[in-house]
Amino acid sequence: MNFAVVAPFPELEKQVRQVSYELGYRIPIVIGDLNEGLLKAKQIIQDNSIEVIVSRGGTAKLIEENLNVPVVAIEISTFDLIRAVVEAKKFGNKIGVVGFKNIIHGCSSLGQYLDAEIIELEINSSDELPKVIEYAKAKDIDVIIGDNISTIMGEKHGVKSIRVTSGNEAIGIALNKASSLAEVRRNEKIKSGQLRSIVETTHEGIIATNKNGIITLVNSSAEKMLSREKGELIGSLIEDIISRDVFRDIYKTKKSYIGEIFKFEKLTLVQNISPVIIDDEILGIVVTMNDTDYVESVETKVRKELYLKGYVAQYNFSDIITKSEKMKSVIEKARNYGKSDFTVLIIGDSGTGKEMIAQSIHNSSSRRDGPFIAVNSAVMPENLLESELFGYEEGAFTGARKGGKKGLFELAHNGTLFLDEIGEMPLTLQARLLRVLQEKSIMRVGGDRVISINTRIISATHRDLKKAVEEGKFRKDLYYRLNVLNITVPSLSERMGDIPDLVIALNERITRNLKTKPPMYREDSLSYLANIKWTGNVRQIENIVSRIAVLYSGKEISVDMINEVLDFENSVEYKDRPLISLYIDKLNMMERDIIDYVMKLTNNDKDKTCDILGISKTTIWRRLKEN
């Protein structure tokens, strides 16, 4: 226990010991009246880390006035006074009650009920006792009642004296009150210690003021940043640290200043300045600060970690190569979509660059500094896709990771989640996705708590979702939630004039990543490629250009070389004759061959392979699974 009792006299000590035993308290109890009690209290506080002292009468008052510790007084109840008066009547009916005003006030009214004349003898300190007792003798008071020191003094001056004793109930109330108060003080000390540790160990500089703008707290980081000692700063005006205009505006508007740039000598600091408001009144200001070099280093580290995890959008609108007016219109629409935070549905054939559009929207939005995470709804079984999207708690299923795992919705918090091939998502997961869009929160698999998220959803599909809704394969309500903004990306057959520029750009990028000499395309070779109907769109061209880059590094590319890579069974037709389609299975084989080749070059490092070929992890995962 963190409290103790100072009993002014032995009889009270015995009472307290009995009551404390009955209540289950094991506490230090000492005997001492007035100054002796004060000395005993000092000693017991030092030896036992006591938070609260329990005492009675003048001793309690003396301890409270001289020691920095809460004191709980054992109160004298009306019943205690009545018992004393009844005892005193044995010696006469004219009775004086000695004590402090808060204890004896109003007790004279008891006389009419107890058939006695009761006179209140008020004192403000024990030094007044001799004078008060002499007054009692002069008034022919038969007997006085009071605390321990009063009765001792009365007997010494020849006045019959009865000590007021406290009942067990009053003692129990005092002990319980002291126990609760000691627990509160202990918890406050713990919280204060925790707060002090936080304030002193954080890298941020922290300065706090009172309501007049006078600095009351400075942590070590602020000392270092400002090159000033705490003693120099505490007691000075905050206007030395923030501008007077900002200070006045905070008191006027009660709003915070976030990211305020402040020049201090040779340093440039980033400050967050917030008012401390209680009951609509500003009682002070808290300033947190960091030097801009540190902020930039942290931001760089976060970006690097996101990049290493593949959670960064690499493409911008400037990376999209086109001369087509239709495609330019799509880009302009997508730029406008980047200014909002609504869901976007991107529709287009496979390989048209839907993810490139999604990444560009993300990088042009206010979420550009947050993560961009892509997931293909078609390549994973339903249970795996569910745990990937929503995460899971420890023990949610056999093989679940210890400690659980965050899902992609959580990882994309304050960023964008790109759901590719949304039309292939199972209906049960469609229902969960709808709830996420409505509630802005998720619940992990096997979990029982709701986690709030702030994630923008961009989805893509090559399917006709309207038809899927009519066939009952896609939820109508989810379709309308996803289709707030929409984009239809044209296939390559609608912008065949872009093919030569695409081939040149892809050839440059692929060979730069491979660190090999780029093949050189002749005009007739580019024309030949421009007249092929690329049913696999840009992705299909990228596969062919990659294969050519691997097989013919640094060589001039002829039509015969292209045909050898294409491995046609029939000759290629030009624009003035019907166009032929490439055999998709052959192209898939080519793509897998290229991935296998680069995987060997990188010692099976999937991240490096994706970087070299300029493809996403989703693509390499799908192709390796098909292999």
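Visitor: At about what angle to E2 does helix H1 run?
Guide: In this predicted model, local features need pLDDT of at least 70 and side-chain atom pairs count only at pLDDT 80 or more, while totals for chains, interfaces and linings use all residues. Residues are numbered from 1 along each chain as its sequence is written, and side-chain values use heavy atoms, with hydrogens and water left out. Helices (H or I, at least four residues) and strands (E, at least two) are DSSP runs numbered from the N terminus, and axes are lines fitted to C-alpha atoms, for helices over the stretch in contact (heavy atoms within 4.5 Å), with angles from 0 to 180 degrees between N-to-C directions. Helix H1 (residues 10–23) lies across strand E1 (3–7) and E2, and its angle to E2 is about 170 degrees.

Visitor: Which strands does helix H9 touch?
Guide: Helix H9 (residues 168–201) packs on the sheet, and its direction makes about 170 degrees with that of E3. The strands touched by H9 are E1, E3 and E4.

Visitor: What is the strand order of the open sheet?
Guide: The sheet has 4 strands with parallel pairing, where two strands pair if DSSP finds at least two bridges between them. The edge strands, each pairing on one side only, are E2 (29–31) and E4 (71–73). The order is E2-E1-E3-E4.

Visitor: Which residue in E4 stands opposite Val54?
Guide: Strand E3 (residues 52–55) pairs with E4 in the parallel sense over 3 bridges. The residue in E4 opposite Val54 is Val72.

Visitor: Is Thr288 buried or exposed?
Guide: Thr288 lies in strand E13 (residues 281–291). Buried means under 20% relative accessible area, exposed over 50% and partly exposed in between, with a 1.4 Å probe and protein chains only. Because its relative accessible area is 18%, Thr288 is buried.
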